[in-house]
Every structure is written in structure tokens, then in C-alpha cells.
Amino acid sequence: MGVPLQETGRQAEADFYARLPVFDHFSQLTDPGLYMPVPDDWVLGLSDIVRSTGAIAAGRYKEVNTAAASVIAAVANRLGTSEFPFVFGGDGASFALPASQSGPAREALAAVAAWVRDVFGFELRIAMVPVAEIRAKGHDVRIARFAASPDVSYAMFSGGGLAYAERRMKDGAFAVPPAPPGTLPDLTGLTCRFDEITPQRGVILSLILLPEPTAGPDAFNTLVGQVLSLAEGQEAGRPLPENGPALTTPFRGFGIEAKTVSRDGAGLLTLGKLAVRRLISFLVFRFGLNVGRFDPVRYRRQLVENTDFRKFDDGLRMTLDCTPALADRLEALLSETRRTGIARYGLHRQEAALMTCFVPSATRSDHIHFVDGAMGGYAMAAQGLKPAA
């Protein structure tokens, strides 16, 4: 007996992301042929922290990053996989899923919003937007897959639909209400055990580049190519040393990680187990100990390769370790293109970067690491976006 055509079509749409070709040279991201249209019955999940710049000004940028990354961790744990299209934006995160997974994703989003409110006092704005509604308004959602390493790929978004959905979310449309107080999402694997990362070339630069609506795609893609050419030269690179970042002391940052498993002093046994795990982790990395199938040297190498330090989500975002001179040249280039009406940009220079990790299993090679500037990063760069004159 054959499979009904309708079922076959639904399965194909559900497997859409898994079937996408993967490209491994970041400079290819401007090739429109790499981006495939998301099926109409998919949805976009979106989130951002309201008044995040105030929290960053108060020195809470690590909490802001943790709250944003918790969206991806919670959805991945709810679905049982991190193989879905998502993007980390520093003070928020977005993802795309088939309609069949929208219910669990909505529950995960609501739980995260409640948790972020309860433990950090942040308001996490969340929304679920149908792709069909986005297309009805004249925008598109197209996705490509970039292989950061042989083990991890990240989604790239184009078509303007994600940016449109973010604007609608900020207007209050398609809002998802937070779960009741006390709800704790499953944040297994969300960790923050590495020190801030000091630049080797002089400055950590957070960069956001967005197209002006009136500019043609060719002009914007040419600009992106120019920026990438500069960013991939000798004066810039990924914001991590070859051997990975330094491990923090065993209990620095313990308070933030503790919030992912317990709250308000409850669950002392759980907190005790977390403390023991952190101490063991510190000793393993400090002395390079192999434990079972875990090799700390291999893990550090994978960590560096897997890091999500550059992305495209209807605009270019990068966190670079670069020379001050290169930062100046990038700013001069972008300032000129702003005057010609091609793009808007935001730059933020910092003395360090920070990393938030999602590691469901330390013995697997597909652990994910999000990098942002340690003094505001993408959120502060976004505040500096300059419209065309």
C-alpha cells in the first residue's frame, strides 16, 4: 500500500532543513542560489529582551546573553535535537520550524519567558509568526546552511521575512504569553564556564550591517563582499585563540548557571551536584585529563571550530578580533555606503568577548558556542545603527 501523497508532502516539508545543501565558505553567503524558500506551513519563533541596553549599561551583559541563548537551548531540548534553523542575536534569538513542531516550541518559548522574568527580572518579548502571513505581506523567508565546522552548521536567513517578523513582534503582534511564575524550561547543556576572551589583535568589534529597503540586492551584496574581504585578511579573525578561551575558576559564573537548574535556594542537592561537576570540569581542563571518551584537547579544538561568531539573518552580523586600524577602515567604508543609501550599520568596540555554550553532550562533537562582545556586543551595535542620510 502506498504512502498518501499528502503525507509524503508533509514529511518533505518537515525534512526541509535537513535536505538543504551545506556551504562551507562564509563568503558564499551572498549567493542567492544557496537560499531555499521555507515551506508556507512553517512558523518563525522570535524573542528579544525589552530594554536590554539598560541591563547592559548596568553590567549585566552575561545575563542578557544567557537569556537569549536559553531560547535555543529550551527549544532544542524540547524537540530533542539542535538540528533546526536558528540564529543567536545577543539579546534575543529566532528560529524556524514546521507547523507540526510549533506547539512544543511555543511551550518552550513561554517557559523561557517565565524563567527569564523570574530569575533575571527581564521582560522577554516572544512571538510565533506563520511564514504564510509573512509572504502575504510581500516578504519572503529563505534559508541556507553554513558549515562552521564538519560537525556544526548554522542557518542563514534571507528574503526580508525575518526582519519583518521582528518588527511585527516589537509592535505586539503574534505575541506568546509567558508561562505561569515558577515554570522552569529544560536548559540542560546551557553553560558559561569560560573567562572573557581578550583580543589578540587589539579590539573586539561587534558589527551589524543591514540593507536599506531602497537599495538593490546587488549593491548590498557587493558591500558585504567588501566587508568580508577586509574581515578575512591578516588583521582580523575569529575572537578565540587557537587553543580556545581560558577556563574560569571553578565557581566564577556559578550563580548564572545555577539559575538554569534551580531557583531561590531550592534544590540544594541539585546545586551541590552542579558544583561538583564544575569542579571536575575545571580539573579536567586544567590538567588535560582524558576521562572516558572525553578528550579536553579535542573538545577545545572543536569549540573553536564550532563557534558562531558570524551570521546572516537578513543582514550581516560578526564579532571579530581585529586591529584598531582595520576597525577604522571598516567604519570608513560603511560610513561612505551609508551616504549612498545602500546600507545601515552599527559598530561597537570592546576590550573582550564572551561565550555562552550549549553542550547537550560533552562527548559528542556537535556542541554549539555563541560569541558576543563582552561590553554590549550586538545589542549595543544595534543601538548605533545609522540610517542613510
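Predicted model: local features only at pLDDT ≥ 70, side-chain atom pairs only at ≥ 80, totals over all residues.

Me: What does Glu-83 form a salt bridge with?

Reply: Its partner is Arg-145, and the closest N and O atoms of the two are 3.2 Å apart. A salt bridge here is a side-chain nitrogen of Lys or Arg within 4 Å of a carboxyl oxygen of Asp or Glu. In general, side chains of opposite charge can pair when their charged atoms come close.

Me: And where do Arg-145 and Glu-83 lie?

Reply: Arg-145 lies in strand E7 (residues 142-147), while Glu-83 is in the loop between helix H3 (61-79) and strand E4 (86-88), so the pair ties together parts that are 62 residues apart in sequence. Helices (H or I, at least four residues) and strands (E, at least two) are DSSP runs, numbered from the N terminus. Arg-145 itself is buried, with a relative accessible area of 9%.

Me: How many salt bridges does a search of the whole structure find?

Reply: It finds 20. One of them joins Arg-117 and Asp-118, whose closest N and O atoms are 3.3 Å apart. Arg-117 is partly exposed at 31% relative accessibility, and Asp-118 is partly exposed with 31% too.

Me: Which residues are linked in a network of salt bridges?

Reply: Asp-40, Arg-135, Asp-140 and Arg-142 are linked that way. Within that group, Arg-135 and Asp-140 have their closest N and O atoms 2.7 Å apart. Arg-135 is partly exposed, at 23% relative accessible area.

Me: Switching topic: what does Arg-300 touch?

Reply: Leaving out residues up to four places away in sequence, Arg-300 touches Phe-194, Asn-243, Gly-244, Pro-245, Leu-247 and Phe-285. Contact means heavy atoms within 4.5 Å. Take Pro-245: it sits 55 residues from Arg-300 along the chain, yet their C-alpha atoms are separated by 8.3 Å.

Me: Where is Arg-300 found, and is it buried or exposed?

Reply: Arg-300 is in helix H10 (residues 296-306), and it counts as buried at 18% relative accessibility.

Me: What about Glu-107, where is its place?

Reply: Glu-107 is in helix H4 (residues 102-120). It's partly exposed, with a relative accessible area of 47%.

Me: Now zoom out. How many helices and strands are there in the chain?

Reply: There are 12 helices and 17 strands. The radius of gyration of the chain is 20 Å, close to the 21 Å from the globule rule for 389 residues, so the chain is as compact as a globular protein of that length. That radius is taken over C-alpha atoms, and the rule is 2.2 Å times the number of residues to the power 0.38.

Me: What share of the chain do buried residues make up?

Reply: Buried residues are 54% of the 389. And among contacts between residues at least 6 apart in sequence, 79% join residues at least 24 apart.

Technical notes: Residues numbered from 1 in each chain as written. Heavy atoms only, no water. Buried < 20%, exposed > 50% of the residue type's maximum accessible area, 1.4 Å probe, protein only.
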